[in-house]
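Let's walk through this model together, one feature at a time. Ask whatever you'd like to know about reading it.

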Amino acid sequence: MNTANYRFWILIGLVLISGFSQGMLLPLLSIILEQNGISSTINGLHATGLYIGVLLASPFMEKPMRKFGFKPIIVVGGMLVIISLGIFPLWDALWFWFILRMIIGIGDQMLHFGTQTWITATATENTRGRNIALYGLSFGLGFALGPLMTRLLSVHQALPFIISALLSLLVWSTLIFIRNQWPEDEIDSAYPTSSVQRFMKTIKIAWVALLPGFGYGFLEASLHSIFPVYGLRIGHYRLIC
């Protein structure tokens, strides 16, 4: 296998395990909080922590990537996720878990920004569409497998977090086998040079194109965070736990 293909499949593996941990975390924490007697309103608001982390990190990814390259961004994002997953069981406090959710959101954003940009920047015109399709497929597969970890709550509450952290560490360790690269500097001086300025300009020009993503994010967060609570309340505890 050549270097480019080897790097591509490592990045795909990172995306899969990221989808797995994210798909696990949303329903898992919703079930735990419901079992602890937390109201559905607070439960739903608590789930926003992950996405607040994504929003906070999004405008500030470009400059660090151009300075340090793709690999350090992905490594730091991975370590944020792994460490956060590992310390979830240490302290069962609502505000503490909310902060951990935000940190995981930041880590996931760093991972996805780094892997998406690396894959598209190094793909040829003939393979770019296929590579992005495989990227989406791997994330979707991981996201679909993640909720199965909720069944481990019947064994021990900490077990899903520990397994997810170990799997993430195992997959992220494969990054040591690939070399770092930097994005090509193709910024046109006619456009704003600030990342935040370009971020705002994109929203202003392409807000209609961003609406489907907004709708998908709303459905994803609501279904994976609130639907498990609904399932518990109508008596499907054994099916999801």
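Buried residues make up 41% of the 241 residues in the protein, where buried means under 20% relative accessible area, exposed means over 50% and partly exposed lies in between (1.4 Å probe, protein chains only).

Q: Before we start, what ground rules apply to this model?
A: It's a predicted model, where local features need pLDDT of at least 70 and side-chain atom pairs count only at pLDDT 80 or more, while totals for chains, interfaces and linings use all residues. Residues are numbered from 1 along each chain as its sequence is written, and side-chain values use heavy atoms, with hydrogens and water left out.

Q: How many helices and strands does the protein have?
A: Helices (H or I, at least four residues) and strands (E, at least two) are DSSP runs, numbered from the N terminus. Here you get 9 helices and 0 strands, and along the sequence the pattern reads α-α-α-α-α-α-α-α-α. The radius of gyration is 19 Å, close to the 18 Å that the globule rule gives for 241 residues, so the protein is as compact as a globular protein of that length. That radius is taken over C-alpha atoms, and the rule is 2.2 Å times the number of residues to the power 0.38.

Q: What box do the C-alpha atoms fill?
A: Along the principal axes, the C-alpha atoms fill a box of roughly 55 × 45 × 30 Å.

Q: What share of the contacts joins residues 24 or more positions apart?
A: Contact means heavy atoms within 4.5 Å. Among contacts with a separation of 6 or more, residues 24 or more positions apart account for 85%.

Q: How do I read a pair of packed helices?
A: Two packed helices are described by the angle between their axes and the distance between the axes. The axes are lines fitted to C-alpha atoms, for helices over the stretch in contact, and angles run from 0 to 180 degrees between N-to-C directions. Take H1 (residues 3-35) and H2 (residues 40-57), which pack at about 155° with their axes 10 Å apart. H1 and H2 are therefore roughly antiparallel to each other; the cut-offs are under 35 degrees for roughly parallel, over 145 for roughly antiparallel, 65 to 115 for roughly perpendicular, and oblique for the rest.

Q: Is the H1 and H2 crossing left-handed or right-handed?
A: A crossing is left-handed if the near helix is turned anticlockwise from the far one by less than a right angle, and right-handed if clockwise. H1 passes H2 in a right-handed crossing. On the H1 side, the contact includes Leu 25, Leu 29 and Ser 30, which meet H2 residues including Asn 43 and His 46.

Q: Is Ser 30 buried or exposed?
A: At 0% relative accessibility, Ser 30 counts as buried. Not counting residues up to four places away in sequence, Ser 30 touches Asn 43, Arg 101, His 224, Ser 225 and Val 229.

Q: What about the packing of H4 and H5?
A: H4 (residues 70-87) and H5 pack at about 155°, with their axes 8 Å apart. That makes H4 roughly antiparallel to H5, and H4 passes H5 in a left-handed crossing. The contact residues divide into 17 nonpolar, 6 polar and 2 charged. Ala, Val, Leu, Ile, Met, Phe, Trp, Tyr, Cys and Pro count as nonpolar, Asp, Glu, Lys and Arg as charged, and the others, Gly among them, as polar.

Q: How do H5 and H6 meet?
A: The axes of H5 (residues 94-122) and H6 (residues 128-145) come within 9 Å and cross at roughly 155°. H5 and H6 are therefore roughly antiparallel to each other, with a right-handed crossing. The contact is made by His 112, Thr 115, Gln 116, Ile 119 and Thr 120 of H5 and Arg 128, Asn 131, Ile 132, Tyr 135 and Phe 139 of H6. These divide into 4 nonpolar, 5 polar and 1 charged.

Q: Which residues does Gln 109 touch?
A: Gln 109 lies in H5 and, at 14% relative accessibility, counts as buried. Leaving out residues up to four places away in sequence, Gln 109 touches Val 54, Ala 57, Ser 58 and Met 61.

Q: And where is Ile 106 found?
A: Ile 106 is found in H5, and at 26% relative accessibility Ile 106 counts as partly exposed. Ile 106 and Ile 52 are 54 residues apart in sequence and 8.4 Å apart in space, C-alpha to C-alpha.
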